[in-house]
Amino acid sequence: MIVGVLGAGQLARMIALAGYPLGVKFVFLDPSADACANSLGEHLLGAYDDPRLLAELADRSDVVTYEFENVPAHVAEFLASHTQVHPAPKALAVAQDRLIEKTFFNDIDIPTPAYSAVDSLESLELAMNTIGWPAIIKSRTMGYDGKGQSLLKTPDDLASAWALLHGVPAIVEAFVPFSREVSIIAARNVSGEMVFYPLSENVHRAGILRVSHRCANDPMQAQAEAYISSLMTALDYVGVLALELFEVNGQLIANEFAPRVHNSGHWTIEGAETSQFENHLRAILDLPLGATTAVGKTAMVNFIGGLPTTEELLAIPHAHLHLYDKEPRKGRKVAHATIRTETTEELNELVAQLSALADQVDDC
Ligand code: AMP
């Protein structure tokens, strides 16, 4: 089997690493000559919307998938008319636009923060009468890791926040005073079979994920599974999907979903019977899905902007290091490490050591 992947970054790299034991081969399309999955498959070097390369990708692949959601709609449609594409273009279209995404959540009874579409300073001022303070303004499209977002605390913030968006369509949403952020990752295969991972509890700083802990017997697990199951069914989804949620007053509220493998599920490589990467491949190849049962107690720490030495990292007991082979650059995820232990005390102690190393090199 040959899987084509749009994008050859770290997510594509980890998908490929999970595919080799299953005998899967890979073709990547990526505009960057030094994209970090390149060495794990054939690399078609060029733009994501180059018709010749897209035709070649479709031609050479039994199924095409992607590692990021901002694939232009016409590219996904073109691929889908030439080969199997999972997840289907519809999931991309919903995930790419925060307004369509939130409306879709509400239509299938998944609660979200109150929100309103805004396309001018006047409409923002008007929307704030119903949304209330504080609030967050976000560009509708092309936003990730907190990019294109501003916190609105007082009416004085409105003009500068709107100016920062350079006139792109946006949504303004109520700030959720959450007690924690969690995500659920699930997989659905072509036959409609679904599996769900235990929740991850996630800590973000400056809008970027820093640490994820795998939750045990979480009281919110059933509600999260119900939400993600409705979402995957409504989208007729195939592949791994991640749903990011806020917990507030014992309820879960949806923030956004990613139609792909997700950073908050990297712990599944060492911490689950089947990783999210392997289950993504099983799902899109319509193979039986693997068990998501947790193995040990796990947490993952991201390295952003820089790296300690490998010696320092591997000196931490039970640390499993994943270097992405990327040049360090401000705000760029260059590696993660997962700790797996038998006890929570040991886990917390070792995660603190790992986080201290990550904070030393963190540049934002
Ligand atoms: P996003 O790009 O929408 O995932 O936002 C990045 C991060 O900003 C989230 O993980 C939260 O920590 C924070 N955030 C986003 N939206 C809200 C909100 N409505 N209320 C509170 N915090 C938020």
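**Entry 1: H4 and H5.** I began with helix H4 (residues 89–96) and helix H5 (residues 98–107) in this predicted model. Their axes come within 5 Å. I read a crossing angle of roughly 105°. Angles from 65 to 115 degrees count as roughly perpendicular, so H4 and H5 are roughly perpendicular to each other. Next I listed the contact. H4 brings Lys90, Ala93, Val94, Ala95 and Gln96. H5 meets them with Arg98, Ile100, Glu101 and Phe104. I sorted the residues of this contact by class: five are nonpolar, one is polar and three are charged.

Entry 2: Four strands form an open sheet in the order S6-S9-S7-S8, and the pairing is antiparallel. I then checked one pair in detail. Strand S7 (residues 135–139) and S8 are antiparallel and share four bridges. Ile137 has Ser150 in S8 as its bridge partner.

**Entry 3: the other sheet.** I turned to a sheet of five strands. It is open, its order is S3-S2-S1-S4-S5, and its pairing is parallel. Strand S3 (42–45) and strand S5 (84–85) stand at the edges. Each has a single partner strand, so one side of each is left without a neighbour in the sheet. How many bridges link S2 and S3? I counted four between strand S2 (residues 25–30) and S3, in the parallel sense. Asp30 has Leu45 in S3 as its bridge partner. I also looked for a helix on this sheet. Helix H10 (residues 276–284) lies across strand S1 (2–6), S2 and strand S4 (63–66). H10 runs at about 140° to S4.

**Entry 4: H2 and H3.** Helix H2 (residues 51–60) packs with helix H3 (residues 73–80) at an angle of about 40°, and the axes are 9 Å apart. That makes H2 oblique to H3. I noted the crossing of H2 and H3 as right-handed. On the H2 side I listed Pro51, Leu54, Ala55, Leu57 and Ala58. On the H3 side I listed Val75, Phe78 and Leu79. What classes do the residues of this contact fall into? Eight are nonpolar, none is polar and none is charged.

Entry 5: I went through the loops. A cis peptide bond joins His86 and Pro87, with omega about -10°. Pro87 sits in the loop between S5 and H4. Another cis peptide bond joins Trp133 and Pro134, with omega about -15°. I placed Pro134 in the loop between helix H6 (121–131) and S7. Asp236 is not a glycine, yet its phi is positive, about 45°. Asp236 lies in the loop between helix H8 (221–234) and strand S14 (239–248).

**Entry 6: domains.** Last, I took the domain assignment of the chain. It gives domain 1 (2–85), domain 2 (114–174) and domain 3 (180–361). I noted 29 Å between the C-alpha centres of domain 2 and domain 3.

Note on methods. Residues numbered from 1 in each chain as written. Predicted model: local features only at pLDDT ≥ 70, side-chain atom pairs only at ≥ 80, totals over all residues. Heavy atoms only, no water. Axes fitted to C-alpha atoms, helices over the stretch in contact; angles between N-to-C directions. Helix = DSSP H or I, 4+ residues; strand = E, 2+ residues; numbered from the N terminus. Parallel < 35°, antiparallel > 145°, perpendicular 65-115°, else oblique. Left-handed = near helix turned anticlockwise from the far one by under 90°. Contact = heavy atoms within 4.5 Å. Nonpolar A, V, L, I, M, F, W, Y, C, P; charged D, E, K, R; others polar. Pairing = 2+ DSSP bridges. Domains from an automatic or database assignment.
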